[in-house]
Amino acid sequence: MAQGEISGRTMTRQVLLFISVLSLSSVHGQVSYSIPEEMAKGSLVGNIAQDLGLDIKRLKSGKARIHVGNSAEYIELDKDRGVLLIKEIIDREALCRQTTPCALHFQIILENPIEFYRVTIEIIDINDNAPVFQKDSMKFEISESAVTGAKFVLERAFDSDIGANGLQSYSLNPIDNFSLKLHGQTDGSKKVEMVLQKPLDREKQEQMSLVLTALDGGDPQMSGTVQIHVNVLDANDNAPVFTQAVYTASVVENSQKGTLLTTVRATDIDHGSNGLVTYSISSSTIGILDLFEIDESNGEVRLMGKVDYESDKHYQIDVEAKDKGGLSDSSKLVVDIVDVNDNSPLIDMMSTSKSIPENSPSQTVIAVMSVHDPDSDNNGVVNCVLTQNMPFTIKSTSTGFYSLVTDSDLDRERAFEYNIIVMCSDEGVPSLSSSVTLTLQISDVNDNAPVFERSSYEAYIIENNTPGLSIFTVKARDADWNQNARVSYILEDSSVNGVPVASYVSVSADSGVIHSVRSFDYEQIKDFQFRIKAQDGGSPPLSSNVTVKIMIQDQNDNTPQVLYPVQTSSSLVAEMVPRSADVGFLVTKVVAVDVDSGQNAWLSYKLQKATDRALFEVGLQNGEIRTIRQVNDKDAVKQRLTVVVEDNGQPSRSATVIVNVAVADSFPEVLSEFTDFTHDKEYNDNLSFYLVLALAVVSFLFIVSIIAILSVKCYRWRREQMFYKSNGNLPVIPYYPPLYADVGGTGTLRQVYNYDVCGTTDSRKSDMKYVRPDSQSIISLDGTQTLPHAQRDKRINDDGENQQKPPNADWRFTQGQRPGPSGPCNYHGDHIRWPQKRSIRAGGPPEMAMGTGPWPNPPTEAEQLQALMAAANEVSEATATLGPGTMGLSTRYSPQFTLQHVPDYRQNVYIPGSTATLTSNPQQQQQQQQQMLMQQQMAAQQQALQAQPSEASAQPEPPKAAQTPASKKKSTKKEKK
């Protein structure tokens, strides 16, 4: 039996499982489906995407969801397929009880933009509940005097199903004495009566047992049974009768417990105990006995529970009256529930936006809500308003649905957040209301450009600043928020004097601090300006710019520069003052400049040191050096003045210049005094450099010496081997001394010149015999003509013919006895430039340089004296054209005036008529001595190989050169010094 019922129910579900789209409302977007109850989880309800004409992508992008409010969720949405599925098994009886039709109502919500659709799913009943009797058994006491046709009301069965699946019929078994009679009622139910068909006979059967079966109309059919026990009594042949077939009553919802609803009454014409009537509620509706009760004796019906109009609007109660003889009658009590305004409107926020941009257009939907009041009539009419004056409004889209939209422009800078209070109230008396608060953030839009605090900026910085120094700070503010208000500072591309401004300054992108990139020099640039752009971080970014002017302040960072007289390390410049100069004679003028500006460039001149402070003075403002007394013969020829040039800065800077003044009337007088000038040479090189250089030179000489010794050893060994092999028959190779010529040049001339100079060391006038160049042309002594190459060769040939014969081998000079000047003398104008002393190079053989070899063609004393006189006459003629103190002020003060165009005669000095050259270089002498020893050894070997005895003749010491009167005079001066 049970298996048949289960298979029948399964077949019923399979037959009733269908889906039908009833209607698609074009106005509200409503779709309806019908499904049987008790469908399994995950069963298909319908293709909602297809039925609503929506794309599955729209369901995903709109975040489609089901909104059911406070109800349980039985349906779920599969967005990937666009279909509705069963989420929980639906029991129609638990959901709707006896209400028909039974349907689920919910909405499908879409966002961006916000849309919603109504969906109604009707739940179709299936035969899943059998009829049920509330009591396990029924007992009757029937008098045997009961007449045929007596009626006995039976308890009705209750079937939770509806329609054809509900309770349909009853059957009674056995039917020997009783039969069933059904009566239809106004509510659609059936009244079941057991009718006596055959009189009872207590003597035959005192008790009877019957089975009442209730059957529904489902397929398969289901049933419920109850036992009926009948006790046969003595005669009571009148049953109670109600005064009304139907009683009505009404009660206000939420009434107190014990409230009297109504009183029912039944009468029994019997007497005694058979006429006593008792009342009871026989309603088969579940929950009736919990809400209502009836007094058994007087028939008063009272409220025992809480009734709610929103749950049930009316109740039907079956009332039974029974006498002691078991006869009974039944009546119906209909209780109507009166509604009161006891429910506030229910606000359900279906979809809300937490933030919107400030540039949102008007009528932008912010939220969609549904408002419902379960009360009836005016108690359920709801109106919604905003409690504050805000740029928003509420619109009713359909019954019970509202939209919150904007109605004016928004500006985050004025208000960045709104607390929107929506209040909904019904029209009941008194009116009930409810509210909801929606917090809306206004998101920022980049609609404000940064604004600088000033229209332009000026800043000052002192020159010689440290690179990276903070100069100034620019500040811009942006009324926007967050990233849109984040200001970055950018240095616009421009140039200052053709140089990019980025090489002068830089700006911090975050703080706007302007830093110097380089150290500024006021003398190069005094001010410059550039533009800085402030740009926010919005998209697209907004910007503004401002002009910044940087003015550089001067600092006393430059010492005065002396333009005249020019100070050089290689020569000295002297000013000549004639001994006939009067007081106030302008000797020279110190010219100096200071590249600073203002007071830092004001210069003053002071005489710091002087050989004779009583002879000269310096102008404080103009730097002119003048005599302050008459020059006399006692004044020294050499006057050394130290002039200090000082600026007016704080602290002040100064420079010194040394002015050499020669008090003399002629150049020869000046030459003898300034020849002994010692020139200070400042060595700024690092001592380590010289030590390393000396070590390298010594190491190099040592290696060269080792190589030379090894070469000589090898050479000797090879000569001995050749000698032994040739048996002493080697040819004789005579040794000839090499020609002597200068192979290098010094000085400032482009070509190399060699000069034969003959002079004394103490003479004021040098005697120059002849100038012999080695290059293409030569310069004559007076500087008036240049000899071409052909004439040079001719003069050399003529000079070679006039050379003297070689002297006696015994005639020699030592290095200290050789005549010649200590250095060449250069003359030009009134200025005398004294080159630093340098050694005189020698180009002769070793024996000539060291004074051990013979001099070729030694001159006689008469020839030497004749050469000296000729040179003195030439010098006198050259100097006769120059006069002391003849130079003008323009030439005297010109800083560019130098003697660089005059040839520098720092060359080798050759003895006339000789191939030897005077030298003072000890290293060169040492090398020449080594070469001489090697040559002597080679000559000795040649003589030994040729078996020719060589006789070394002793060479007497050369006679000492006779001192001239000029040399005697200079020697006396040196002894005095």
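Which strand does Thr627 lie in? Thr627 belongs to strand 49, residues 624-627. The model is predicted.

## Thr627 and its surroundings

Thr627 is buried because its relative accessible area is 1%, against a cut-off of under 20%. Its side chain makes polar contacts. The side chain of Thr627 reaches the backbone oxygen of Asp582 at 2.7 Å. A polar atom of that side chain also lies 3.0 Å from the backbone nitrogen of Phe585.

Beyond neighbours within four places in sequence, Thr627 is in contact with Asp582, Val583, Gly584, Phe585, Val587, Leu615 and Phe616.

## Arg97 and Asp312

The whole structure holds 23 salt bridges. One of them pairs Arg97 with Asp312, with the closest N and O atoms 3.8 Å apart. Arg97 sits in the loop between helix 4 (92-96) and strand 6 (102-110), and Asp312 in the loop between strand 21 (300-303) and strand 22 (314-323), so the pair ties together parts 215 residues apart in sequence.

Arg97 is exposed, at 57% relative accessibility. Asp312 is partly exposed, at 25%.

## Arg412 and its partners

Arg412 is buried, with a relative accessible area of 11%. Its side chain meets Glu413 in a salt bridge at 3.7 Å, N to O. Glu413 is partly exposed, at 27% relative accessibility.

Arg412 also forms a salt bridge with Asp444, at 3.2 Å, N to O. This pair links distant parts of the chain, 32 residues apart. Arg412 is in the loop between strand 29 (401-406) and strand 30 (417-426). Asp444 is in the loop between strand 31 (433-443) and strand 32 (451-452). Asp444 is buried, with a relative accessible area of 14%.

Key
Residues numbered from 1 in each chain as written. Predicted model: local features only at pLDDT ≥ 70, side-chain atom pairs only at ≥ 80, totals over all residues. Heavy atoms only, no water. Helix = DSSP H or I, 4+ residues; strand = E, 2+ residues; numbered from the N terminus. Buried < 20%, exposed > 50% of the residue type's maximum accessible area, 1.4 Å probe, protein only. Polar contact = N/O pair within 3.5 Å; in protein donor to acceptor, adjacent residues only side chain to side chain. Contact = heavy atoms within 4.5 Å. Salt bridge = Lys/Arg side-chain N within 4 Å of Asp/Glu carboxyl O.
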